[in-house]
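Please read the following report alongside the sequence and the coordinates. It takes up charged pairs and then helix packing.

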Amino acid sequence: MKLDVALYPCRRCFLVYYCNKDCMDKADKEGHCFECSIMHFIKTTPGITRMNELAMKWFLKDYIKMGIKKYCLTVNNFSKSKIDPKTRGFDENGQYKSDNFLTAYSLDSGVDKLSIDVLFFFNCIAVNMLHYLILSGFKIPESCLGIVGASFVRILTVIDLNCRKLNINAPSLSFHQVSQLTLTIAFTLYPTISLFNHSCDPNIKRSGELTDRVRVMKAIQPIPKGTQLFCTYGVMFRGHDKKSRQKLCKDLFKFDCHCQPCKTNWPTCHYIPNRISTLNLLNPTMANTVQLECKKFLEFSKSVKPEDYNQHLNYLYSFIKLLFNNVKRPFELYEDCLEMIYNAHTMHTDEIMRICEFPF
């Protein structure tokens, strides 16, 4: 991809690029000055390179904050803690402290569901990382080697289960094409977002807005009061049949999905009903209004380009709300409108300039 912007490479490793010198200096203070010497090593480590880099960044960030002794004490105390995992990360006022080390460290790692060979693989990567730290001159007391190594295993498994790809998508994507036309530029870990459960019919999604590395979640369909917020872990009913969705959730995330599309086996996009009838109208008295608005929406969908959807979000939200209250799902125009809203909140290629750090 060609970038029409002057990026600042790290003068030591030339493996990380920044948008300006201030950004570079900030990254140095947060630990890049330490990771510089081991970046080349990390790229030779087995597994997914960017996930391994994220694990090392995580360790170094907290190593700088706490020092090796406090870090090891914190990790050691965590393993002995009897605090309910569901309440970890919350302070006494119920505020979620997503930037605390233990908040992310206590996220579900799924380690109890990993096969022996996969767990052994993570242990091998952890040993490599520990070895790279020592080769790079890090002074880790012998008594701390086991704790640091074990913490790397924990960090790697947490990242493997909870990290998200930072993608740039073409603006004209449809749901079932996302995996084919997506550029992954980084892996990220947002503890708060990791708390959201999956649905094959999500009602929120991560938008393309990035402000000081803060991810924004946007509603993509009506959410009645008291309804749980759901994102997607990568599969949605429109593009994947129930069997393939269930398999992916089981294989990658170790759970069985019980969302509405799975419970009632909603059809994929090619077989979704596309006509208004008495069978799918929730409120028959609104039949004429719904039919009229559906005709308007069809005209709208023909006249507006995908890259301009974000300029018409108010209309899209009002139309989907009308259908939500009056038409039984799945219904083709509802799903089409939902897809437009989804794409309107997707990061487009030209928005890459907003990203502070660009790892190659």
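With which residue does the side chain of D201 meet in a salt bridge? In this predicted model, the partner is R238, and the N to O distance of the pair is 3.9 Å.

## Other charged pairs

Side chains of opposite charge can pair when their charged atoms come close. The structure holds 8 salt bridges, and two further examples are described here. K250 forms a salt bridge with D256, with the closest N and O atoms 3.6 Å apart. K250 is partly exposed at a relative accessible area of 41%, and D256 is partly exposed as well, at 40%.

E293 forms a salt bridge with K296, and the closest N and O atoms of this pair are 3.5 Å apart. Both residues belong to helix 9, where they are separated by 3 residues, about one turn of the helix. K296 has a relative accessibility of 45% and counts as partly exposed.

## Helix 9 against helix 11

Two packed helices are described by the angle between their axes and the distance between the axes. For helix 9 (residues 287–303) and helix 11 (residues 332–344), the angle is about 45° and the axes are 11 Å apart. The two helices are therefore oblique to each other, and helix 9 passes helix 11 in a left-handed crossing. On the side of helix 9 the contact is made by C294, F297, L298, F300 and S301, and on the side of helix 11 by L333, D336, C337 and M340. Sorted by class, the residues of this contact comprise 7 nonpolar, 1 polar and 1 charged.

## Helix 10 against helix 11

Helix 11 also packs with helix 10 (residues 313–326), here at an angle of about 145° and with the axes 10 Å apart. This crossing, too, is left-handed. Helix 10 contributes L313, L316, Y317, F319, I320, L323 and F324 to the contact, while helix 11 contributes L333, Y334, C337, L338, M340, I341 and A344. By class, the residues of this contact divide into 14 nonpolar, no polar and no charged.

A further residue of helix 11 is N343, which is buried with a relative accessible area of 7%. The C-alpha atoms of N343 and D308 are separated by 9.9 Å, although the two residues are 35 residues apart along the chain.

## The chain as a whole

The protein chain has 11 helices and 9 strands, and buried residues make up 44% of its 360 residues. Among contacts between residues at least 6 apart in sequence, 68% join residues at least 24 apart.

Technical notes
Residues numbered from 1 in each chain as written. Predicted model: local features only at pLDDT ≥ 70, side-chain atom pairs only at ≥ 80, totals over all residues. Heavy atoms only, no water. Axes fitted to C-alpha atoms, helices over the stretch in contact; angles between N-to-C directions. Helix = DSSP H or I, 4+ residues; strand = E, 2+ residues; numbered from the N terminus. Parallel < 35°, antiparallel > 145°, perpendicular 65-115°, else oblique. Left-handed = near helix turned anticlockwise from the far one by under 90°. Contact = heavy atoms within 4.5 Å. Nonpolar A, V, L, I, M, F, W, Y, C, P; charged D, E, K, R; others polar. Salt bridge = Lys/Arg side-chain N within 4 Å of Asp/Glu carboxyl O. Buried < 20%, exposed > 50% of the residue type's maximum accessible area, 1.4 Å probe, protein only.
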